[in-house]
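Q: I'd like a close look at the cavities and pockets here, and then at some of the strands and helices. Please take it slowly, as I'm new to this.

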Amino acid sequence: MTDLGSIGDRPQYVGAHVTRSQDDALLMGSGTYVADIRRTNMAEIAVVRSTVPHGRVVSIDSELAREVPGVLDIIIAADLVDVSPFPNFATHTETPATFPLARDKVRYVGAPVACVLATDRYVAEDAAELVFVEYEELEPIRSIRAAVQPGAPLLYDDWASNKLLSLEPDHTDAERLIDELGSFRREYVIGRHTAMPMECRGAVAEFVNDRLTLWSTNQLPHIARTTLSHVLPLAERDIRVVAPYIGGAFGLKQHVYPEDVLVSWLAMRHMRPVRFVEDRAEHMIAGTHARDKVITIDGAIRPDGTIAALKVDVLQDLGSAEVFPAAFAPALTTAGHMTGAYDIPTCSVSVTAGVTTKTPSGAYRGFGVPEAIFALERYVDEIAVHFGVDRIELRRKMLVSDADMPYVTPSGALLDSGSFRETLDAVVAAGETAVEAARRQYSGEGPYKIGVGYAVYREGTGPTHFGASSHWTGHESCSISVAPDGSVLVAMGVTDQGQGTRTFVETMVADALGVERGSVRVELGDTDSTPYGLGAFGSRQAIFGGGAILKAARPIQEKIRRIAGHLLEANEDDIVVEAGRAHVAGSEAPSVILAEIATVATVRTLDLPPGVEPGLESTARYESDTVQHVPDHEGKINANAAYPNSAHGVVIRLDTETGELKILDYHVAHDCGRVINPPIVEGQILGAVAQGVGGALYEDLRFDEFGQPVTPFMHYLVPSVEEMPTVEIFHHNTPSPNTPLGIKGVGEGGCVGALAAIGNALADAFGPGVAIDSTPLSPEHVLALVETLKSTS
């Protein structure tokens with residue numbers, strides 16, 4: 001790993017319970033979200049969306065809508081004469097050539113067909129209801145299995161099939177072992193759901209002095225700026241993207257959406273600010289969906305139950321795929337995690353990502369890992385039942401051990417450290433105690449069955465973006481400058497959607513420079529005031545952002561010591577900097593405060609040591625030495641900088657009369673390497689567990705027999721605080737030797753193990769004979785399983 005220098009002489013914030021700096025503003029209601037932005041003479045848009053899942057646009061009648069007082073403009077695709085489709089940099093895939101408005105066909109309910117600009121949102125929505133679109137309805141493509149069959153009706157007329165991506169590796173080694181040891185084959189289906197952030201999507205555009213400013217709920221402002229320069233008739237230098245306070249994102253806000261283009265183009269056309277704010281109904285059909293995979297595993301199992309080889313097929317439903325960046329990358333991530341935390345020497349995975357007439361699929365927390373772990377960990381439990389071995393001992397036999405490190409998985413992932421057995425043992429100990437107590441409590445009481453389930457896994461963090469975009473890679477940037485009064489300004493390309501990134505940056509910079517945290521001011525999310533960076537995804541902020549901070553801080557550290565040594569008439573190597581003051585090691589007096597050093601560096605430059613240039617500032621970029629952006633000649637790739645690991649244990653109570661499943665105990669043992677801020681880590685785990693519980697038990701984006709989405713909240717259940725169990729967290733800290741400070745990232749992990757652990761607990765409660773092979777395990781689904789059990793008993 002590149003030498004990044006030290007965190008400082010005497011760190012006081014890294015690893016401490018530091019209060020999040022942005023919370024006061026949020027708690028007092030003074031945070032500015034996109035919906036809070038008011039610009040003079042601002043207009044608003046409402047989008048006319050498709051009401052059919054598949055059809056040709058025959059005509060669009062907007063005459064009545066134009067007569068509504070306050071309507072300023074109504075546009076259709078034909079009006080966007082100087083707008084280009086979103087780019088496709090991935091030459092190994094088909095492209096839907098996504099355009100901001102439907103040009104000839106609609107391919108999902110909610111697709112943007114026309115856009116109404118009005119003096120306010122209410123007028124725009126009323127007028128949008130008077131825009132009449134005639135469709136020649138076409139047969140919807142509702143099933144991904146049917147969509148990828150030869151001869152299936154095509155969603156895109158110029159494609160050879162409905163497969164956007166199809167990768168078929170050499171299965172020879174896996175098939176040979178399966179032939180020798182026998183086949184153990186299972187199929188798992190992971191349902192479709194979506195992120196449900198507090199704040200829906202929004203965008204405000206303003207065009208002044210030939211420059212566009214877009215305030216957007218986007219996780220990746222610089223990527224959004226570059227993308228808009230490909231779509232709009234503007235050079236990138238004339239585009240500014242700002243991400244203000246964002247009320248949660250979870251991957252859904254990684255994408256650049258049609259509405260970002262529409263408000264920008266209309267602001268340029270009408271020379272007035274334009275705003276879009278999505279409502280929750282729109283969010284359910286127009287924001288990206290996620291998961292929706294079929295994973296088939298065929299394995300060669302040794303007599304003791306351990307896995308010798310896996311042959312896996314991953315099939316992902318992309319919906320219409322009309323989203324940028326494209327959404328096939330989660331299927332690749334699923335493929336890369338199919339051996340989990342286990343030493344499985346042979347594994348080959350085929351990947352197919354196809355299109356249907358559903359809302360486009362996109363990024364969501366975990367980015368394909370929860371699907372892999374659900375399938376793999378259910379598979380391990382099913383092996384244990386089939387071969388009559390203990391499921392915990394089977395896991396212990398297969399887990400990668402310390403002696404195996406560094407360990408390279410069959411897909412190419414480099415595991416440099418971990419605590420796989422320790423985390424599993426921690427949740428098993430807690431789970432066995434909890435399940436015994438539950439069985440005693442409910443013994444003979446009511447129609448209850450008790451079950452306990454476990455899941456152990458590793459997940460890639462700090463990923464390259466090249467797998468998703470075939471354009472961007474993985475670096476991050478940081479600029480640090482010290483003002484004459486000793487205060488510090490930090491500008492970074494990472495962003496904050498509520499994860500505590502701003503607090504992390506303050507913490508790292510304060511310790512790196514030896515200053516009080518309150519003297520550090522942080523600029524994030526503005527492409528005009530921050531160096532080019534890739535924003536927030538895959539828990540990358542701490543890994544890549546931390547590396548950029550340390551690289552940027554190092555020359556400033558050295559310069560501070562040199563100037564301080566000169567002023568104190570001491571050797572610079574003997575200088576210690578802490579709490580904004582520099583002194584000789586072992587003696588706190590005499591000393592010089594940072595403000596004096598910074599004044600010499602920036603104002604009284606005649607006092608500088610000979611040969612030292614003015615200024616106390618630095619810009620640096622960090623990119624991991626170990627991350628690979630493209631596969632090698634064998635198709636292997638280490639696409640992530642680090643691999644935190646975790647284990648989940650869940651105790652559930654099943655009511656066999658009603659199908660109610662209640663989580664009694666939830667245990668998480670987690671290892672994210674060095675912990676920067678313990679409360680933030682715990683908050684990230686708890687929030688992710690809540691989303692994992694939602695995906696496991698409640699959230700189900702279904703489509704009816706006519707291809708229509710079933711999205712009302714009486715059908716799409718989201719867990720509340722009532723459904724959220726109390727979670728006991730055990731921390732394990734195994735630093736990575738290949739990342740700054742040993743950081744591994746924490747933001748994804750809580751949701752990764754939930755599906756598998758809950759599924760295994762339910763299977764344990766039911767006992768053999770009931771297939772737990774799909775999610776969500778909704779009340780309706782569980783009740784059907786109960787009825788199946790009754791009919792066979």
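A: Let's start inside: about 140 Å³ of space lies in the largest cavity. Before going on, note that this is a predicted model, where local features need pLDDT of at least 70 and side-chain atom pairs count only at pLDDT 80 or more, while totals for chains, interfaces and linings use all residues. Residues are numbered from 1 along each chain as its sequence is written, and side-chain values use heavy atoms, with hydrogens and water left out.

What's a cavity, then? On a 1 Å grid over the protein atoms alone, a cavity is a set of points where a 1.4 Å probe fits but cannot get out, whereas a pocket is an open set with protein on both sides within 12 Å along at least five of seven lines; lining residues have an atom within 4 Å of a point. Grid points are joined across faces, edges and corners, and a volume is the space filled by probe spheres set on the points.

The structure has seven cavities of 30 Å³ or more. Around the largest one sit 18 lining residues, and P87, N88, V323, F324 and A326 are nearest its centre. Sorted by class, that lining has 13 nonpolar, four polar and one charged residues. (Ala, Val, Leu, Ile, Met, Phe, Trp, Tyr, Cys and Pro count as nonpolar, Asp, Glu, Lys and Arg as charged, and the others, Gly among them, as polar.)

Now for an open space. The second largest pocket has a volume of about 520 Å³. It's lined by 27 residues, with Y33, P244, Y245, I246 and D496 closest to its centre. Its lining splits into 15 nonpolar, eight polar and four charged residues. Strand β22 (residues 520-524) gives the largest share of that lining, three residues. Helices (H or I, at least four residues) and strands (E, at least two) are DSSP runs, numbered from the N terminus.

Next up, helix α9 (residues 329-336). Seven of its eight residues are buried, where buried means under 20% relative accessible area, exposed over 50%, and partly exposed in between (1.4 Å probe, protein chains only). Among the buried ones are A329, P330 and G336. The cover over them includes β13 (290-301), α10 (369-387) and β18.

That β18 also belongs to an open sheet of four strands, ordered β18-β28-β29-β32 with mixed pairing. β18 (448-458) and β32 (727-732) are at the edges with a single partner strand each, so one side of each has no neighbour in the sheet. From one strand to the next, the twist averages 10°. β18 runs antiparallel to β28 (residues 645-655) over eleven bridges; two strands pair if DSSP finds at least two bridges between them. In this pair, Y448 faces D655 of β28.

Strand β9 (residues 202-208) is mostly covered too, with six of its seven residues buried. β9 pairs in the antiparallel sense with β12 (residues 274-277) over four bridges, and V204 has R275 as its bridge partner there. β9 also pairs with β10 (residues 211-216), again antiparallel, over six bridges, with A205 opposite L214. β9 and β10 make a hairpin with two residues between them, and N209 in the turn has a positive phi of about 55°.

Definitions and conventions
Axes fitted to C-alpha atoms, helices over the stretch in contact; angles between N-to-C directions. Contact = heavy atoms within 4.5 Å.
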